[in-house]
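Student: I would like to learn how to read charged contacts and surface patches in a model. Can we go through them one at a time?

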Amino acid sequence: MLFSCENSLEGIWLALTDCADLLKNQKSKIKNLNTKKYSALLRCTMDAISDRVFTETSLESTTNDEPSLLTIILDISPRGWYSIKDSTSLQDVAKSLLVFLNGHLSINNSNQVSFIVSSPQTSKFLYPHPSNQKTSTTDSKISPGMYRQFKNVNEVVLEELNRFIKETSEISVVSTARRNSSITGAISMALTYTYRMSILDQSIQTTTASAINTSSINAKQSDASSSSTTAGIVPSTSTSIKSRILIVSANDGDDSINYIPLMNCIFTAQKLKVSIDVAKLGFKNSSYLQQASDATNGVYLHIEDPQGIIQVLTTAFFIEPNLRPYVILPTNTQVNYKASCFITKRPVDVGFVCSVCLCIMSKIPEDEKCPACSSEFDKRSIYELTKDPQVVTRKKRKLDDSAKANGS
């Protein structure tokens, strides 16, 4: 009777009720039963019900300790951070990101991190620092009892971030010309570093596999009796480093982002199987960053209250790539897939597309050539696309003409 119940709380309640009625009607038989046997029977019954309620999922492939690489890209465009100066500051967000990095390092001893900062002028690696030597000359503001790896990351990132802000502020004072955002360059740097780490991880795996193979050959030569059962068996070392990118930006405008370089980065991330997560601050969503996150199976969240960013980082963005297929991630169903004009660098709703390189244009160039691949456009096609609409006069029906003739 218990196994015929439906997979719901109501079915479980009916099953327990029937079990209680059965126990009341057969008190004499229950007294003779051993308590341990009855407990085992009840446990087996509840396990059978729970198996029907919950879906069985095998996590054998995700229990191994696979290393993970987390790359953070912090966009420090002055306009975006000035707009949210009343709610948070760049220093507070940087400290929250360092806590997030420390949490990622504490999960697995083999995990790796990197930190890239982007500005309208340039992008730069803060960690790992190009020079391995410690550049700090002042007293450390980090607790002396902190874990060495946490302390190293925090000191280097904070010091290099302050130095980078001073350098970019001096450049912006000298040059007042408006420049585009270099966040696409930062994504390219992150993907390059990811590919480099994956190649390094593969070389380490190859060295480990060869060492295991050599040890198995030596064991085969020393133990001739067990050679028939252990020959050619090499443990699997197919685990590779899993990578993801987290972009933190407060810039509300998409006009400063180059669309075509961003699309190239998206295609590269798809090929490398790298997820791009976006933590968007400010008042408006970024359609281009939404496209990057959606195309790479990442997480996009518009954080309206930046003061609680540490809570969002440790929940929505803390999930490892190997666990994401088993977790329901925050999704964004309203993704604006608008494109950008190659000539004006502005969003386009209706435009022209080159049939060779798929370059999008809001207007046809004067030289009638594609600005990306220099292909010549067909003049007849240009005429058909740019000609003014013609008003066609309505022809009178013959029935109307005959009715007029009869009436006259």
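Tutor: Start with the term: a salt bridge is a side-chain nitrogen of Lys or Arg within 4 Å of a carboxyl oxygen of Asp or Glu. The model here is predicted. In it, salt bridges link K124, E159, E160 and R163 in a network.

Student: How many salt bridges are there by this rule?

Tutor: The count is 7. One of them joins the side chains of D252 and K280, at 3.1 Å from N to O. D252 sits in the loop between β4 and α9 (259–272) and K280 in strand β5 (residues 275–280), so the pair ties together parts 28 residues apart in sequence.

Student: What does the side chain of D277 meet in a salt bridge?

Tutor: The side chain of R324, at 2.7 Å from N to O. D277 lies in strand β5 and R324 in the loop between α11 and β7, so this pair ties together parts 47 residues apart in sequence. Both D277 and R324 are buried.

Student: What does the side chain of R244 reach?

Tutor: The backbone oxygen of F317, at 2.7 Å. R244 belongs to strand β4 (residues 242–249) and is buried, with a relative accessible area of 2%.

Student: Which residues form a nonpolar patch on the surface?

Tutor: L323, Y326 and V327, with about 230 Å² of accessible area together. Y326 is in the loop between α11 (309–313) and β7 (339–340), and its relative accessible area of 37% makes Y326 partly exposed.

Notes: Residues are numbered from 1 along each chain as its sequence is written. This is a predicted model: local features need pLDDT of at least 70, side-chain atom pairs count only at pLDDT 80 or more; totals for chains, interfaces and linings use all residues. Side-chain values use heavy atoms; hydrogens and water are left out. Patches are made of residues with over 30% relative accessible area and no salt bridge: like charges are joined within 9 Å, nonpolar side chains (Val, Leu, Ile, Met, Phe, Trp, Tyr) within 5 Å. Accessible areas come from the Shrake-Rupley method with a 1.4 Å probe; for residues, only the protein chains shown count as cover. Helices (H or I, at least four residues) and strands (E, at least two) are DSSP runs, numbered from the N terminus. Buried means under 20% relative accessible area, exposed over 50%, partly exposed in between (1.4 Å probe, protein chains only). A polar contact is a pair of N or O atoms within 3.5 Å; within protein, one must be able to donate a hydrogen and the other to accept it, and residues adjacent in sequence count only if both atoms are side-chain atoms.
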